[in-house]
Amino acid sequence: MWWLSALGGLIAVATGLLSPGDALDVIERIAPVLVFLVAVTVIAGLADAAKVFEVAAREAAHLGRGRTWRLWLLVVALATALTIVLSLDTCAVLLTPVVLAMARQLDIPPKLFAFTTVWLAGTASLLLPVSNLTNLLALHRFDQLGLGLRDYLGLSWRPAIAAIVITVVVLALLFHRDLRRTYVVPETPGLDDKVLFWGSAGVCIALGPAFVTGIQVAIPASIGAVALVVLFAVRRRGELTWALIPWQLVLTVVGLFLVVGALTAHGLEGLLGTIAGTHGQSLAAELRLAGTAAFGANAVDNLPAYLAMEPVAAANGNRMMLLLIGVNCGCLLTLWGSLATLLWRDRCLAAGVRISWWSFLWRGLVLTPVVLVGTVLALNLG
């Protein structure tokens, strides 16, 4: 997919569909997002090498005391925390293989944990700007509207809680038989290097409060990444490889932005405004906006869907949050609904867990309408 996105962006600029000046404006806008993406991916990769996530999952198995439902609730908490603090991609990419390996060792059907990680990666990604690339992009519009981080949090916390709770309830209903199982408690894995482990864990924990201070999120993420690179350079230099840099993901994001920028410059905004509506504060109007965003995310991925619909939703903070609800919580019908979902499926296949498009779709059809309606209603409680 990455090369298609990169090629599409190149064609958009080369053919003049997007002028060089507009292309530079797009790159300038997304530069902080790309810096954050690279930094947080490096942090997550090095933390994984230090066994932070493996130990956390095994500790969850120990705290579960042989009861699958207890273990699952702890995985829910871990997936939610990882998504909120280190973004949905970290949850999908790093936690998924750990919990699938744990499920296999404990003889628990893996789909319970597979769907837990991918669903919460989407629905738990509303709360903080850093939880999803779409949220980071939305901050630009919030700033233009005279709204800051506190205003964002004031709008996001109710629908964020609703989305998480609804997701957990639907998972419990769909997998209630698996939750009744028991397992033999495994031993916690030993640590090869406690300095690396605690240093990596400390950076991950510190990022949470750093991200809500109001400063540009790329700054603490970059500081954390540099700190871990220095620590690994001293303790375990072999882990520092170019594979830590998510260059394919970066090219995908840049290409998608350029393509959507070109389409927007040639009438896409007007078409989407007609479909999603450009005003209205009724529940039906809000569901129309969020539903259109969700449809777009499932059709072409949530990043280009957000970019294409941003001008339609830019009238106020409430409409911007409805857009984020649609592209973040509503992208769970198709396997290409987000980059995180695509990465998650690759991790599932690598672990020997096959999730067919139909298996993903029918479960998504159970969750998506409920979570969209629930989060929109929660937003209106403010």
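By class, the lining of the largest cavity has 5 nonpolar, 3 polar and 1 charged residues. Ala, Val, Leu, Ile, Met, Phe, Trp, Tyr, Cys and Pro count as nonpolar, Asp, Glu, Lys and Arg as charged, and the others, Gly among them, as polar. The model is predicted: local features need pLDDT of at least 70, side-chain atom pairs count only at pLDDT 80 or more, and totals for chains, interfaces and linings use all residues. Numbering runs from 1 along each chain as its sequence is written, and side-chain values use heavy atoms, without hydrogens and water.

**Cavity**
- The count is 1 cavity of 30 Å³ or more. A cavity is a set of points, on a 1 Å grid over the protein atoms alone, where a 1.4 Å probe fits but cannot get out; lining residues have an atom within 4 Å of a point.
- The largest cavity holds about 60 Å³. Volume is the space filled by probe spheres set on the points, with grid points joined across faces, edges and corners.
- Its lining consists of Leu88, Asp89, Asn132, Leu133, Asn302, Leu303, Ser338, Leu339 and Ala340.
- Helices H5 (88-106), H14 (302-313) and H16 (339-350) each give at least two lining residues. Helices are DSSP runs (H or I, at least four residues), numbered from the N terminus.

- About 690 Å³ lies in the largest pocket. A pocket is an open set with protein on both sides within 12 Å along at least five of seven lines.
- Of its 27 lining residues, Val93, Pro246, Leu249, Leu343 and Arg347 are the closest to the centre.
- H2 (20-49), H5, H12 (247-276) and H16 each supply at least two residues of this lining.
- The pocket lining divides into 17 nonpolar, 6 polar and 4 charged residues.

**H6 with H17**
- The axes of H6 (111-123) and H17 (357-379) come within 12 Å and cross at roughly 45°. Axes are lines fitted to C-alpha atoms over the stretch in contact, and angles run from 0 to 180 degrees between N-to-C directions.
- Contact (heavy atoms within 4.5 Å) involves Lys111, Phe115, Val118, Trp119 and Thr123 of H6, and Ser359, Phe360, Arg363, Gly364, Leu367 and Val371 of H17.

**H6 with H16**
- H6 and H16 pack at about 160°, with axes 10 Å apart.
- The pair is therefore roughly antiparallel (over 145 degrees).
- Ala114, Phe115, Thr117 and Val118 of H6 meet Thr341, Trp344 and Cys348 of H16.
- This contact has 5 nonpolar, 2 polar and no charged residues.

Key: Angles under 35 degrees count as roughly parallel, over 145 as roughly antiparallel, 65 to 115 as roughly perpendicular and the rest as oblique.
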